[in-house]
Amino acid sequence: MIIESFDYLPLEAKNIRETVFVNEQGFNYEFDDIDDISTHLVLYVDNEAAATCRFFLDKKKDTYLIGRIAVLKNYRGLGLGSQLLQRAENLITKKGGKLIRLSAQLQAVEFYRKNGYIGESETHYDESYPHVWMYKRLIDTSDK
């Protein structure tokens with residue numbers, strides 16, 4: 001397993017997001033201007049792109065936002081989402097980030113809880129899919 005980081009939206013990430021969010025889940029507005037300011041991660045298994053996510057700094061709120069976490073169907077259940085999330089958290093910590101927020105689909109809330117995220121809002125809707133905001137405070141371990 002290899003996780004690569006990109007400062008642009010690579011084709012592999014675009015294909016995974018289109019497969020998961022557009023084709024499987026029916027989202028219409030998957031790609032946006034945030035892709036232009038995000039760091040994109042792609043997780044490869046045996047040289048095949050299997051999962052992706054993006055993160056960016058919300059300067060107004062002084063917090064990092066992680067989103068668009070997607071794992072292709074035939075790679076689910078292998079812990080790849082958690083590994084991808086951990087890599088994003090490590091990179092955010094190296095950039096000095098102390099807080100991460102994300103908007104989780106209700107079906108994924110337990111996944112995020114298992115990875116240390118705490119719910120912080122009532123349900124809101126993104127393209128008619130229920131989501132909740134969650135957060136995680138990061139601990140800088142670079143001096144330890």
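Helices (H or I, at least four residues) and strands (E, at least two) are DSSP runs, numbered from the N terminus. This is a predicted model, in which local features need pLDDT of at least 70 and side-chain atom pairs count only at pLDDT 80 or more, while totals for chains, interfaces and linings use all residues. Residues are numbered from 1 along each chain as its sequence is written, and side-chain values use heavy atoms, with hydrogens and water left out.

**Largest pocket**

- The largest pocket has a volume of about 920 Å³. A pocket here is an open set of points on a 1 Å grid over the protein atoms alone, where a 1.4 Å probe fits, with protein on both sides within 12 Å along at least five of seven lines. Grid points are joined across faces, edges and corners, and the volume is the space filled by probe spheres set on the points.
- The lining of the largest pocket consists of 39 residues, a lining residue being one with an atom within 4 Å of a point. F21, R68, I69, Q105 and Y112 lie nearest the pocket centre.
- Elements that each supply at least two lining residues include the helices α1 (11-24), α3 (80-94) and α4 (109-114). The strands β3 (48-58), β4 (63-71), β5 (99-105), β7 (124-126) and β8 (129-137) also each supply at least two.
- β4 gives the largest share of the lining, 7 residues.
- The lining has 20 nonpolar, 11 polar and 8 charged residues. Ala, Val, Leu, Ile, Met, Phe, Trp, Tyr, Cys and Pro count as nonpolar, Asp, Glu, Lys and Arg as charged, and the others, Gly among them, as polar.

**Helix α1**

- α1 has 14 residues and reaches 18 Å from its first C-alpha to its last, close to the 20 Å expected at 1.5 Å a residue. The expected span is 1.5 Å times one less than the number of residues in the helix.
- A kink of about 30 degrees in α1 is centred on E18. The bend at a residue is the angle between axes fitted to the seven residues ending there and the seven starting there.
- A13, I16, R17, V20 and F21 of α1 are buried, meaning under 20% relative accessible area; exposed is over 50% and partly exposed is in between (1.4 Å probe, protein chains only).
- These buried residues pack against α2 (34-37), β2 (39-45), β3, β4 and β5.
- A13, in α1, has a relative accessibility of 0% and so counts as buried. Leaving aside neighbours within four places in sequence, A13 is in contact (heavy atoms within 4.5 Å) with V42 and T52. The C-alpha atoms of A13 and R68 are 9.5 Å apart, although 55 residues separate them along the chain.

**Helix α3**

- The end C-alpha atoms of α3 are 21 Å apart, which agrees with the 21 Å that its 15 residues should span at 1.5 Å a residue.
- Buried residues of α3 are L80, G81, L84, L85, A88, E89 and I92.
- G96 follows α3 and has a positive phi, near 95 degrees.

**Residues in strands**

- L41 is in β2 and is buried, with a relative accessible area of 1%.
- The C-alpha atoms of L41 and P10, 31 residues apart along the chain, are separated by 9.0 Å.
- A50 is in β3 and is buried, with a relative accessible area of 0%. Residues up to four places away in sequence aside, A50 touches I16, L43, V45, A70, V71, L72, Y75 and L80.
- G119 lies in β6 (residues 118-119) and is partly exposed, with a relative accessible area of 43%. G119 touches W133 and M134, not counting residues up to four places away in sequence.

**Loop residues with positive phi**

- Most residues other than glycine have a negative phi.
- D46, in the loop between β2 and β3, has a positive phi of about 50 degrees although it is not a glycine. At 69% relative accessibility, D46 counts as exposed.
- E127, in the loop between β7 and β8, has a positive phi near 50 degrees. At 22% relative accessibility, E127 counts as partly exposed.
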